[in-house]
Amino acid sequence: MMGAGIAHVSARAGMEIVLLDTSLENAERGKGHSESLLKKAIERGYSTEEKAAALLGRIHPTTSYHDLQGCDLVIEAVFESMELKADVTRKTEAVVPETCIFSSNTSTLPITGLAKASERPEQFIGLHFFSPVDKMPLVEIILGEQTNDEAIARSLDYIQQIRKTPIVANDSRGFYTSRVFSTFTTEGISMLAEGVKPALIENAAKMAGMPVGPLAVTDEVTIELAWKIGRETAAAKGIDYPHDTASKAIAKMVEELDRKGKRFGKGFYEYPEGGRKYLWPGLAEHFPPAGEQPDLEALQTRMMVIQALETTRCVEEGVVMHAEDGDIGSIFGWGFPPYTGGTLSFIDTMGIAEFVAECDRLAEIHGDRFAVSVWLRERAGNGQSFHD
């Protein structure tokens, strides 16, 4: 779906697209995604048969890497495997021009590590799209240690052509958007494991201004993906998996209960054929609700503060270089409530000293994930906001 979506928005911008997959059937299915989008556009009066035919004529499905000859930009969108991505990189660089920019659409794997498979690491860059690509306005550009200015400039040109909004981030596991967004989903799953009723979790998130509850959005991206990323991250850090409340709940859903998410027909929600999804009643058996439930505001505060706090860590580490990128990325990337102005504006509006005090209070109750760094505490002591 991601590769098909990128192909669609690129062809819509007038580019000739080679859509490469493991089988011609899969590649044709990718082109079929554009056909279904265009059919809806025609029905709604947003396009015509002639325009749709012209767009589809610019998408060329294939299984042959030789068809990539002459490409100016390649966007790899295979699943999150270092080995597979390295194989795709090597096969691509064997046929594309020396001037070609190679980008990865990875959502979590560090670009510098992926670039080790490249003979041209200076032309290797991350272009992180968001699903559904035709609707989501953001593209996160991730810089590897050797990424040069030309790769950045040409990536920005491409994003401008497809009429998306870019932010630029330095390399880290999860970069900026995936890293911070995951704190929202894992906080929701932690709440479930603590005995908070799932409907209360979901409604608290939506009433805070998030577009979807943490359990529903985890189902959308699949619980299995969260499980795979969690295991790979734990292995990279040299720690056990599962190792905390949320990861234990995720492992239970995947390994024990075989409920892997929407794509598999069952997750935190049930997905009846032809009907509306609803929360799986079995959650009450496996994650029994506590006798006393927290109030709505307490849950909302946890969800909002954990995202803003992780953003400050990204600023401290140099992953986020400008406050504006942090704010734009949070709103356009995963739907942090727009009325706040974004994660860093959320802190500045609250007041940085008040925010640190709130983190300290939450850390006493919920643990180290709310712990404030010395850097942030000193910043609060100096009264230094993020938009100075």
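Below we chat about the fold as a whole and then about aromatic pairs.

Me: What kind of model is this?
Reply: It's a predicted model.

Me: OK, how many helices and strands are in the protein chain?
Reply: The protein chain has 17 helices and 9 strands.

Me: And what's the radius of gyration of the protein chain?
Reply: It's 22 Å, which agrees with a compact globule, because 388 residues packed that way would come out near 21 Å. The C-alpha atoms fill a box of roughly 60 × 55 × 45 Å along the principal axes.

Me: How much of the protein chain counts as buried?
Reply: 51% of the 388 residues. As for contacts between residues at least 6 apart in sequence, 70% join residues at least 24 apart.

Me: Switching to charges: how far apart are the mean positions of the positive and negative ones?
Reply: 6 Å, with 39 positive and 57 negative charges in the protein chain.

Me: Now the rings. How many aromatic pairs are there?
Reply: The count is 5. One of them is Tyr 176 with Trp 334: the centres sit 5.7 Å apart and the planes are at 65°, so this pair is edge-to-face.

Me: Where do Tyr 176 and Trp 334 lie?
Reply: Tyr 176 is in the loop between strand E7 and helix H7, while Trp 334 is in helix H14, so the pair ties together parts 158 residues apart in sequence. Both Tyr 176 and Trp 334 are buried.

Me: What about Trp 375 and Phe 386?
Reply: That pair is tilted, at 6.3 Å centre to centre with 50° between the planes. Trp 375 belongs to helix H17 and Phe 386 to the segment after H17.

Me: Is Phe 386 buried or exposed?
Reply: Phe 386 counts as buried at 8% relative accessibility, whereas Trp 375 is partly exposed at 26%.

How values were computed: Residues numbered from 1 in each chain as written. Predicted model: local features only at pLDDT ≥ 70, side-chain atom pairs only at ≥ 80, totals over all residues. Heavy atoms only, no water. Helix = DSSP H or I, 4+ residues; strand = E, 2+ residues; numbered from the N terminus. Rg over C-alpha atoms; globule rule 2.2 N^0.38 Å. Buried < 20%, exposed > 50% of the residue type's maximum accessible area, 1.4 Å probe, protein only. Contact = heavy atoms within 4.5 Å. Lys, Arg positive; Asp, Glu negative; His and termini not counted. Charge placed at Lys NZ, Arg CZ, Asp CG, Glu CD. Phe/Tyr/Trp six-rings, centres within 6.5 Å; stacked < 30°, edge-to-face > 60°.
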